[in-house]
Amino acid sequence: MNPEQTERLIRHELSRRRALSRRAFVRGAFAVTAGGAALYTIGCGSGDDDPAPAASATTSGGAETPSGMSTPGGGAELRPVLLTSEFVAGENNRFAVGLLQGARFVKDAAVHARFFKIGDDGQTGEFRGEGDLRFVELNVEGAHAHDSSTGEAFSDDQVSFYVANTPFDAAGAWGVELAVTPEGDASPVSVQVPFEVLSEPKSPALGSVPPASENDTAATNPNGESLCSRDPACPLHDKVIADVLGKGRPLVVQFSTPAFCESRFCGPVLEVLLNQMPEYREKVDFIHIEVWQDFQLRKYREANLEWNLPTEPYTFLMNGEGEVVGKIEAVFTEEELKNALDQLAAL
């Protein structure tokens, strides 16, 4: 190979590498601007060093997903589903994503994320940082035994997902490119998802005192099916938020609807909360708020509206002064909840 051919080959290789870094996000063709610097590297969320859950939220059933991409082996399409979507600039956000192949979650894949801040023109994106997402799994035997909803997607007792802690530095449009290498595959599959980062949270912020809602209870609402869509109704309907919020004892409030949850996470996370409650109830108050006042009429419960929750499930942890000290959106593991409750009970 002569010097001219070598130079052409090098230029081609450099061009190919730039093209790989300029893969379009869904519906956007967002190109990485030249010279975009990495402003941070996302945390890998390893074990006990994880910070407390940060502000985040999801759409019911997950955020909008792009069309999937076939796996290297030619199997069903791989579709990313954002399980968190209320990201806030300047906060340590919990970024969680599920990977669907058909109607099942992909387990034990290696997932590397690259984050881009989309420019005001909506066409260019500046690379901000990258890191590996940690695989975690919620496994609650009989997770859906007490809900009457149907549907294949998200209905397993085992829910596999991938998480990282992401400190987004600016509000606005963002995108993430995920390089997913399923277990046993040699080559990664690239999938992309757009999302928004807010300047302020919509739901009660960390450090704020949420509304002192006058929710109904088993004493004030004899209709058990209306009070709680779990069958049978769970026992966390004996307290009013207004009566216990900021009255000296820590408080956990979960908004979930086991029978009508589009994401199918409500049943599992409520069961996790019920499993953990006996260990902490001497020090912590627990309340479950059924999301729907009337599902058929699409009428939300007043507390759900007062707390400005666009999604479910959503679990809040308040200290004895009533301040939000933790928020866990969508699905979480037993270990994640237990760590949060240990910290809450120690306050």
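In this predicted model, the buried residues of helix α4 are Cys 266, Gly 267, Pro 268, Val 269, Leu 270, Glu 271, Val 272, Leu 273, Leu 274, Gln 276, Met 277 and Tyr 280. With twelve of its 15 residues buried, α4 is mostly covered. The length of this helix can be checked with a simple rule. What do the buried residues of α4 pack against? Their partners are the strands β8 (124–139), β12 and β13, together with helix α6.

Buried residues in α6 are Leu 337, Ala 340, Leu 341, Leu 344 and Ala 345. Because they cover an arc of only 130° around the axis, these residues lie on the same side of α6. The elements that they pack against are β12 (251–256), α4 (266–280), β13 (285–290), β16 (314–318) and β17 (324–329).

Strands of a sheet pair through backbone hydrogen bonds, either parallel or antiparallel. Here the sheet is open, its strands follow the order β13-β12-β16-β17, and the pairing is mixed. Which strands stand at the edges? They are β13 and β17; each has a single partner strand, so one side of each is left without a neighbour in the sheet. On average, and with direction ignored, neighbouring strands of this sheet are turned by 15° against each other. Helix α4 packs on the sheet, where it touches β12 and β13, and its direction makes about 160° with that of β12. At the other end of the strand order, β16 and β17 are joined in the antiparallel sense over five bridges. Within this pairing, Met 318 has Val 324 of β17 as its bridge partner.

Elsewhere in the chain, strand β9 (residues 158–166) contains Ser 160. Is Ser 160 buried or exposed? The cut-off for a buried residue is a relative accessible area under 20%, and Ser 160 counts as buried because its relative accessibility is 2%. Its side chain makes a polar contact of 2.9 Å with the side chain of Glu 137. Once neighbours within four places in sequence are left aside, the residues in contact with Ser 160 are Gly 98, Phe 105, Val 106, Lys 107, Phe 135, Val 136 and Glu 137.

Some details of the backbone are also worth a look. Where is a cis peptide bond found? One joins Asp 231 and Pro 232, with omega at about 0°. Pro 232 sits in the loop that runs between α2 (224–227) and α3 (241–244). Another cis peptide bond joins Glu 312 and Pro 313, and here omega is about -5°. The loop between α5 (302–306) and β16 is the place of Pro 313.

Asp 108 has a phi near 55° and is placed in the loop between β6 (104–105) and β7 (110–118). Its relative accessibility is 37%, so Asp 108 counts as partly exposed. For Arg 298, too, phi is near 55°, and this residue is placed in the loop between β14 (292–294) and β15 (299–300). Arg 298 is partly exposed because its relative accessible area is 42%. Not counting residues up to four places away in sequence, Arg 298 touches Glu 262 and Trp 292.

Finally, the protein can be viewed as a whole. How many helices and strands does the protein have? Its secondary structure comes to six helices and 17 strands. Of the 347 residues in the protein, 49% are buried. Among contacts with a separation of 6 or more, 73% are between residues 24 or more positions apart.

How values were computed: Residues are numbered from 1 along each chain as its sequence is written. This is a predicted model: local features need pLDDT of at least 70, side-chain atom pairs count only at pLDDT 80 or more; totals for chains, interfaces and linings use all residues. Side-chain values use heavy atoms; hydrogens and water are left out. Buried means under 20% relative accessible area, exposed over 50%, partly exposed in between (1.4 Å probe, protein chains only). Helices (H or I, at least four residues) and strands (E, at least two) are DSSP runs, numbered from the N terminus. The arc is that of the directions from the helix axis to the C-beta atoms. Contact means heavy atoms within 4.5 Å. Two strands pair if DSSP finds at least two bridges between them. Axes are lines fitted to C-alpha atoms, for helices over the stretch in contact, and angles run from 0 to 180 degrees between N-to-C directions. A polar contact is a pair of N or O atoms within 3.5 Å; within protein, one must be able to donate a hydrogen and the other to accept it, and residues adjacent in sequence count only if both atoms are side-chain atoms.
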